[in-house]
Amino acid sequence: MDTSAFHVKAKRGGVGRRGYYPDMLLTLFVYAMAHGVSSSRRIERLCLTDVAFRIICAQDIPDHTVLARFRQRHEAALTDLLTESLVLAA
């Protein structure tokens with residue numbers, strides 16, 4: 001599956017904290033959606049308490065704001081990728 005659309009707008013450096021790896025954020029969303037979780041705040045909480053979410057983010061827990069902005073910024077690409085994954089699963 002091609003994830004290059006998520007890497008185009010990724011924060012690569014500069015002032016402040018380094019950006020999160022787009023594939024990690026994408027994996028969090030796909031895993032969360034597969035388990036019926038769509039809230040960015042709930043995903044953030046699960047990254048603190050659920051072992052699978054903690055492994056996905058390697059205990060570098062993204063803030064719910066980061067998750068919400070990632071979802072907004074990549075809405076079309078995320079929809080396409082989720083659709084492609086469902087077609088692949090079928």
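Is Tyr31 buried, partly exposed or exposed? Tyr31 is partly exposed, with a relative accessible area of 27%. In this report, buried means under 20% relative accessible area, exposed means over 50%, and partly exposed lies in between, with a 1.4 Å probe and protein chains only.

The structure is a predicted model, in which local features need pLDDT of at least 70, side-chain atom pairs count only at pLDDT 80 or more, and totals for chains, interfaces and linings use all residues. Residues are numbered from 1 along each chain as its sequence is written, and side-chain values use heavy atoms, with hydrogens and water left out.

## The chain as a whole

The secondary structure consists of 6 helices and 0 strands, and the pattern along the sequence is α-α-α-α-α-α. The radius of gyration is 13 Å, close to the 12 Å that the globule rule gives for 90 residues, so the chain is as compact as a globular protein of that length. This radius is taken over C-alpha atoms, and the globule rule is 2.2 Å times the number of residues to the power 0.38. Helices (H or I, at least four residues) and strands (E, at least two) are DSSP runs, numbered from the N terminus.

Along the principal axes, the C-alpha atoms fill a box of roughly 40 × 30 × 20 Å. Of the 90 residues, 31% count as buried. The chain exposes about 5,900 Å², of which carbon and sulfur atoms supply 56%. Accessible areas come from the Shrake-Rupley method with a 1.4 Å probe, and for residues only the protein chains shown count as cover. Among contacts between residues at least 6 apart in sequence, 61% join residues at least 24 apart; contact means heavy atoms within 4.5 Å.

## Aromatic pairs

The whole structure contains 2 aromatic pairs. Phe29 and Phe70 form a stacked pair, 5.9 Å centre to centre with 10° between the planes. This pair links distant parts of the chain, since Phe29 is in helix α2 (residues 22-34) and Phe70 is in helix α5 (residues 64-73), 41 residues apart. The rings of Tyr31 and Phe53 have centres 5.1 Å apart and planes at 75°, so this pair is edge-to-face. It also links distant parts of the chain: Tyr31 belongs to helix α2 and Phe53 to helix α4 (residues 51-56), 22 residues apart. Rings of Phe, Tyr and Trp (its six-membered ring) pair if their centres lie within 6.5 Å; planes under 30 degrees apart count as stacked, over 60 as edge-to-face and the rest as tilted.

| Residue | Relative accessible area | Class |
|---|---|---|
| Phe29 | 1% | buried |
| Phe70 | 5% | buried |
| Tyr31 | 27% | partly exposed |
| Phe53 | 3% | buried |

The buried residues of α5 are His64, Leu67 and Phe70. Seen down the axis of α5, these residues fall within an arc of 125°, so they line one face of the helix. The arc is that of the directions from the helix axis to the C-beta atoms. The cover over the buried residues of α5 includes α1, α2 and α3. Within helix α3 (residues 40-49) lies Ser40, which counts as buried at 11% relative accessibility. Not counting residues up to four places away in sequence, Ser40 touches His64, Leu67, Ala68 and Arg71.

Helix α6 (residues 75-89) has 15 residues and reaches 21 Å from its first C-alpha to its last, close to the 21 Å expected at 1.5 Å a residue. The expected span is 1.5 Å times one less than the number of residues. The buried residues of α6 are Ala77, Leu78 and Leu81. Down the helix axis they fall within an arc of 100°, so they line one face of α6. The cover over them includes α1 (4-7), α2 and α5. The face turned away from the buried side carries the exposed residues Glu75, Ala76, Asp80, Leu86 and Val87.

Glu84 also lies in helix α6 and is partly exposed, with a relative accessible area of 40%. The C-alpha atoms of Glu84 and Met1 are separated by 8.1 Å, although these residues are 83 apart along the chain.

## The loop between α4 and α5

Most residues other than glycine have a negative phi. Ala58, which is not a glycine, has a positive phi of about 55°. Ala58 lies in the loop between α4 and α5 and counts as exposed at 62% relative accessibility. Gln59 has a phi near 60°, is placed in the loop between α4 and α5, and counts as exposed at 56% relative accessibility.
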